[in-house]
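Here is a briefing on one protein chain. Look over the sequence and the structure first, then read the points by topic.

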Amino acid sequence: MKKVLFVPVAEKNNGTGHLKRTIKWVKSILSESAPRSEDALRYEPFIYIPIIPLDNNGKEEQGHVWNPTSFPDFKEIEKSIVSDLSGKYDVAVFDMRKTNPLLIKKLEKIAEILVSVDEGGKERENFDYLIDTLPNTVSKAAPPNIFSTDLLGYKDKRNNRCEMVSEDSLKLKKYNNILISFGGEDSKGITKKFLDKVQKKNIFKDMNVTVVIGPFFKDKNYIKNNFGFFNIAESPASLENLIEESDIVFTSFGLTAYEALYAGKDLLLINPSKYHRKLSKLAGFCEAGIINPNIKKIEKIINNPGYCQDYKGKNRSSSSSMYNSPQLVPLTQTCVGTDSNFVDSGQSLNINELFLKIAETEKVSCPVCKGKGKIYKRYIYKNYLKCENCGIVYLQNIGKNEKKYEKSYFFEEYKKQYGKTYIEDFNNISAASQKRVNIIKNFVKKGKALDIGCAYGPFLNVMKDQYECYGIDISEDAVEYVNKNLGIKAVTGDFSLSDFIPVFPGDVSQNKKEECLKFDIITMWYVIEHFKNVGEVIEKIGKLINKSGIFAFSTPNLSGISSIYNKNKFLESSPSDHYTLWNILSAKHILSQFGFKVVKVRCTGHHPERFPLLLQKILGFKILSLISRFFRLGDTFEIYARRKNG
């Protein structure tokens, strides 16, 4: 069973929004598990509510945590609440705004994968997975795996989210129903200040006004006693119906603002801090003050329905970009949540499904040296990390993603990519193999050659005239073809398994690991990137290769022109079974660590048409091809290394 631990900010003066939505996530997983299907039983949610929280110095603070018994939403998930950090979890999901680094260290010891939602602090890079459902001030410096306001889970009732509404239609509009909601705590007392000012000016005359009072309002009695003539909604279970019935919503930056936006409502923000003001501007929301409402601006908007007009009278901007902050924006035109650098807005997104997928993720260390990696690039369903020790870039798939190299891979999948099956392409692959054989001949004139990942054997077929050839492949069909059709000894097996030792038909040492065959040449053509434990693989090769033997492999080039010109596209399109990404420098460094000295590098896959268009026009393909070869900018390369001490 997979265990998912939610870790919300549960301390006073932080509002209740983060806490309420983690409770919602727990409820959702529990409700999805209600039928008790076999798949649903695989996940169990928990929520961490500490009895005593830690301050920034790691000391315990008394009396700053919401009491679970006093928070109504806790009752339905009482059995899922944990108050101490013990046990083991598959994933821990933080929703804390700015996470205490000491808490991260504690969770690292008990949770396999750490996820953060809307992390706004300096600790973003310390999470395995980042989800932004709201814009924040640090996302450009540390981009998330996924950004989409659709992950908030609100049903989008806007007819056309990005289309301007005509001024004539806006002028005909009138606000009749007002909703005022400043969170479950309102620690800054915005509700009281707001009501005092608007009532003094009698701005809401002849309008139906609903005021939401959260469960932890300190001004609760004052509001009831002084504004009882308004509709008072005390601790409602949901704001959905209240928002639906309103024409305009007054709130602060946060979940309520987006819920109103997705409901197609006009909204105006009064924020509790300058930080929230920054977020409002990033999102394109209109604001009317920090803590103390700007009554002139509020009055102007109420009298001019449909517009959020800056009281300084600046020109209207038609921009609704997530990262622009227009001073005058039609409220119904705000296009938050429709575009993202990471998500196709047409996708159906469910944040709980994403949590459960992440729970299936394997924690990975460097596949070469087992060192610690630092996030290199994030995507929705994968991370790339760069080892701080050996420098290799390696892949972490999000969720389960195991590729099988069966017959269909060499036929249907290969044909889909290259227009012909592997067998149909056999002669072309053989021609490319001949160039490799010619290079090997310069270093080893005769002896035994082993091709790991030999597929249907085109390379071995070229080698067999001069060398005693052997092959290994994970595909039984491919191995059978090499044995029967090419007359070359080949066995089926996964070379990366620690207990796999290649034993070939007719060997005198079939059951003796210490006497297994040694080879003068070992090759892997576009295979090395498929190993999750490539360091162990190279170490095993060192034991199987004779003194002065040659180890050669080819692989995509992380420093090739395609990667240089558009690294994001290069990484995004890299297959989910390419667990390491190499360049020539990293290959030389790593091979040296395992006792090999590079004696030849051949850069391949030159594409002058992938250079910038300006360079193509100025220099032409012929010059660019020469530049690509001279600077080794091909999209692939081959390495030939001799075993040291030979």
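The points below run from the whole chain to single residues.

This is a predicted model. The protein has 646 residues, and 52% of them count as buried. Its secondary structure comes to 19 helices and 26 strands.

**Overall figures**

- The accessible surface of the protein is about 30800 Å². Carbon and sulfur atoms account for 47% of that surface.
- Take the contacts between residues at least 6 apart in sequence: 63% of these join residues at least 24 apart.
- The whole structure holds 19 salt bridges.

**Salt bridges**

- Aspartate 90 and lysine 2 pair through their side chains in a salt bridge, at 3.8 Å from N to O. Aspartate 90 sits in strand β4 (residues 89-95) and lysine 2 in strand β1 (residues 2-8), so this pair ties together parts that are 88 residues apart in sequence. Lysine 2 is partly exposed, at 23% relative accessibility.
- Glutamate 234 and lysine 220 form another salt bridge, with their closest N and O atoms 3.5 Å apart. Here a strand meets a helix: glutamate 234 belongs to β10 (residues 231-234) and lysine 220 to α5 (residues 220-226), so the linked parts are 14 residues apart in sequence. Glutamate 234 is partly exposed at 39% relative accessibility, whereas lysine 220 is buried at 17%.
- Glutamate 360 and lysine 400 meet in a salt bridge of 4.0 Å, N to O. Both lie in loops: glutamate 360 between α10 (351-359) and β16 (373-379), lysine 400 between β18 (393-397) and α11 (407-418). The pair therefore ties together parts that are 40 residues apart in sequence. Glutamate 360 counts as buried, at 13% relative accessibility. Lysine 400 is exposed, with a relative accessible area of 63%.

**Helix α9**

- Which residues of helix α9 (residues 295-303) are buried? They are Ile295, Lys297, Ile298, Ile301 and Ile302.
- These residues cover an arc of only 160° around the axis, which puts them on the same side of α9.
- Lys296 and Asn303 are exposed, on the other side of α9.
- At the start of α9, asparagine 294 makes a side-chain to backbone approach. One of its side-chain oxygens comes to within 3.3 Å of the backbone nitrogen of lysine 296.

**Threonine 604**

- Threonine 604 is part of strand β25 (residues 596-604).
- Is threonine 604 buried or exposed? Threonine 604 is buried, with a relative accessible area of 11%.
- The side chain of threonine 604 makes a polar contact of 2.5 Å with the side chain of threonine 636.
- Beyond its neighbours within four places in sequence, threonine 604 is in contact with Tyr526, Gly634, Asp635, Thr636, Phe637 and Glu638.

- Leu614, Leu615, Ile618, Leu619, Ile623 and Leu626 make a nonpolar surface patch of about 560 Å².
- One of these patch residues, isoleucine 618, lies in helix α19 (residues 613-630).
- Isoleucine 618 is exposed, with a relative accessible area of 58%.

Definitions and conventions: Residues numbered from 1 in each chain as written. Predicted model: local features only at pLDDT ≥ 70, side-chain atom pairs only at ≥ 80, totals over all residues. Heavy atoms only, no water. Buried < 20%, exposed > 50% of the residue type's maximum accessible area, 1.4 Å probe, protein only. Helix = DSSP H or I, 4+ residues; strand = E, 2+ residues; numbered from the N terminus. Arc of directions from axis to C-beta. Polar contact = N/O pair within 3.5 Å; in protein donor to acceptor, adjacent residues only side chain to side chain. Contact = heavy atoms within 4.5 Å. Patch = residues over 30% accessible without salt bridge, like charges linked within 9 Å, V, L, I, M, F, W, Y side chains within 5 Å. Areas by Shrake-Rupley, 256 points an atom, 1.4 Å probe, with all protein chains shown as cover.
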